[in-house]
Amino acid sequence: MTGKLFDVPRRALAGLCALLALAGVIMLTAMADSTMQPLPASAPDGEFSAERALRHLERFATEPRPIGSRAGERARDYLAGQLRAAGLDVRVQRAIGANTSAGLASFGQVDNIVATAKGSDPTGTVVIAAHYDSAAMGPGASDDAAAVAAMLETVRALKGTALRNDLVLLMSDGEEDGVLGAEAFVREHPLGRKGGVLLNWEARGVSGPSLMFQTSRNNAGLVETFADAVPHPRGDSTMGELYRLLPNNTDFTPMAESGFTGMNFAYIEGSSRYHTADDSLAHLDRGSLQHHGSNMLALTRALGRADLEALDTDHDLTYFRIFGTMVTYPNALVWPLAGLAAAAVAGLAVLARRRRLLSLPRLAVAATSGVVPLLLAAALAQGLWEVLVAWRPAYDGMGGLLHRPQAFQAAVVILAALALLCWYLPLRRRLGPAALAVAALAWPAALGLLCAQVAPGMSYVLTLPALFGALGGTAAILLRGAARQVAVLQVTAVTLGAVVAAALLPALARTAFDGMGLALGGVPALVLAVFGLTVLPIAELCLPERRQSLVPLAAAGLAVLLVPIGLARDGFDPANPLRTHLAYVMDADTRTANWVSADAEPPAWTRRYVSGHDTTPLPPGYARGTSLWTGRAPAAAGAAEPRVTVLGRDGDTVRLRVTAGRAARSVTLRVERPIAAATAAADGLTPVSVDVTGVRSNTWPGEIRFRGLPDTGAEISLRVPGADRFRLTAVAETDGLQRVPGFVPRPKGVVAATREDGDLVAVTRTYEISAR
């Protein structure tokens, strides 16, 4: 029994029409997920205008604003002044923020701008948050100045609006160095400890719709408010589940952990410019700014008037858009829907068995082998990335977020199809198309059950395609034996069954491409392979009965052809620059200096400074990585130098006074032994202590950073268990390389890489810390 679910006259034409219909669904879904048109400055006063917000960006977002920089101070003063002029009560919270990771304690002096407006009859507090600092490599027009400007325009649009609830605008500092400002806000500020409903705004690119990609737990009330209040809602609960798998955080993270409920928003397209000099006003999509601001204004009005206590619920919602409509349902329905999908696939199998289209042993083999195309698709996509990096090492520094990746993304699509063909065609005659089609639907159904357990918000994207695909297949079988002219109904039934998959799965793959890039291309490839499984009965109509091996050969040839096409199209130029890492390192103890680059293959400009891999001239503990490029450099006179004074020692704990010179913005302490705890204190600020676990990789095991170091320095205490004597290297860090003798600025088409120790003058001193 190796039959087909259905067969029709003119199979190829019918299959082609069905595939074109599904392609239309995919295109319409992509168009429906677009952003908004920006409104001009002449828009009504009560509406958000991207052009009005842009005027603020032109005042403070044209230069990098890292924590502790003069540009950051200028931005702080401008933003605080605008909020005061709008009638809000504005205070600047100066504090030490803290964060930890493996072997690392990060501290920073932050200046959070906290503006408040009292509500008429508050049921709680609405907090709108975004960070005004930027990465040191670029002006951060999108990340996160666009959201900060949107806050100013939102305040203007709210003028004259009576809000029931208290409103807090938090413009945080130090987000780029470990969410330091948000951490200090929730730890020390009364409004941070009070909690409330949080709306946090971010960007991981320079364009695209504003996506609601994360919520706090028990989000039912919040999601319903979002779906009802926002005129153009974008985002789905799958994003929240995927985001938890990534090693990322935003200001939302410490605030949610401290008790805030809320939602997190970002746009993520054009991510090749993220954290670079190209995150600028020239590249900011005005439609993305409009979408950010329109959502912000609508939610501020809705939540400002709501009974916030009524938003507290004990359950989550699954939420997603399909055919332009936001669908929500309680997670209590996740398991029933997943079970229904599994039952529908099982029912399809029983019906196909009774119609003698398959046998149970063949179905079992088909289902067991169904994992092969999924794993193969992911492996081929990851293999493609390894080929691209080997051919063009500069891609490695971009983390898979390329300027023009479309040809490579198309290659991933073809590779996913190739993986399916390599599984399907060899088994087609032995097991039969019906057994393979039913088994294929078993995989999204089974994965939907798995997600119902571990990631409920993601279950729908697998459960619904399996459910509707099974219903379409069932309808096609039931129509067998009818009049020949009814054959079109069979194709229609199967096509309609695949429409939900076409609306959900390719859109998810696109989001994965935008958010994760080609370095994690296995994720969208896996999603696309699942989509391919749901359309096998339609694809079967288009596959030839003879010489079927030509199909995968053609797919493989097309995938290979797309690689040189992509490489030719994605070349670097002034509009799409190359990234390169370079730092200047001077050992103040020996007065020797070196250039350092972490590029896999430095470009011509960087080769002016580095020539080999000899790291022995570098100061003790400075090198981070196993394949650094280095080159001799002249000593820079007058560079800020660190100073470390031992104030005392009590067992394993050492107290130090650390300064770095007036020009230095930050200091890093690298310790040759693991550290277990660290405390930072500065004049007039509350000391902060953190525990540290693990060790740093590819460098000395312990590290302490203090960003935005005051001119008077800081007191640092560190606990180094079991170490009577150890070495400590202090690194004073000053932004920019322009003052280094012989430095030639980067040419057009080359920008600084995103590695945090690049474009710094790093001056070191090494100290021997003893028991006495």
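## A cis peptide bond in a helix

Asp144 is found in helix α4, residues 141-157. Helices here are DSSP runs of H or I with at least four residues, strands are E runs of at least two, and both are numbered from the N terminus. The peptide bond joining Asp143 and Asp144 is cis, with omega at about 10°. For context, most peptide bonds are trans, and most residues other than glycine have a negative phi.

This is a predicted model, in which local features need pLDDT of at least 70 and side-chain atom pairs count only at pLDDT 80 or more, while totals for chains, interfaces and linings use all residues. Residues are numbered from 1 along each chain as its sequence is written, and side-chain values use heavy atoms, with hydrogens and water left out.

## Positive phi in two loops

Val179 is not a glycine, yet has a positive phi of about 45°. Val179 sits in the loop between β4 (166-172) and α5 (180-188), and is buried at a relative accessible area of 4%. Buried means under 20% relative accessible area, using a 1.4 Å probe and protein chains only.

Asn698 is also not a glycine, and its phi is positive at about 60°. You will find Asn698 in the loop between β18 (688-691) and β19 (702-707).

## Strand β21 and its partners

Which strands pair with β21? Strand β16 (residues 666-671) runs antiparallel to β21, joined by six bridges; there, Arg670 stands opposite Thr729 of β21. Strand β23 (residues 760-769) also pairs with β21 in the antiparallel sense, over 10 bridges, and Thr764 in β23 is the bridge partner of Val731. Pairing requires at least two DSSP bridges between two strands.

Strand β21 itself (residues 726-735) is mostly covered, with eight of its 10 residues buried.

Terms used: Buried < 20%, exposed > 50% of the residue type's maximum accessible area, 1.4 Å probe, protein only.
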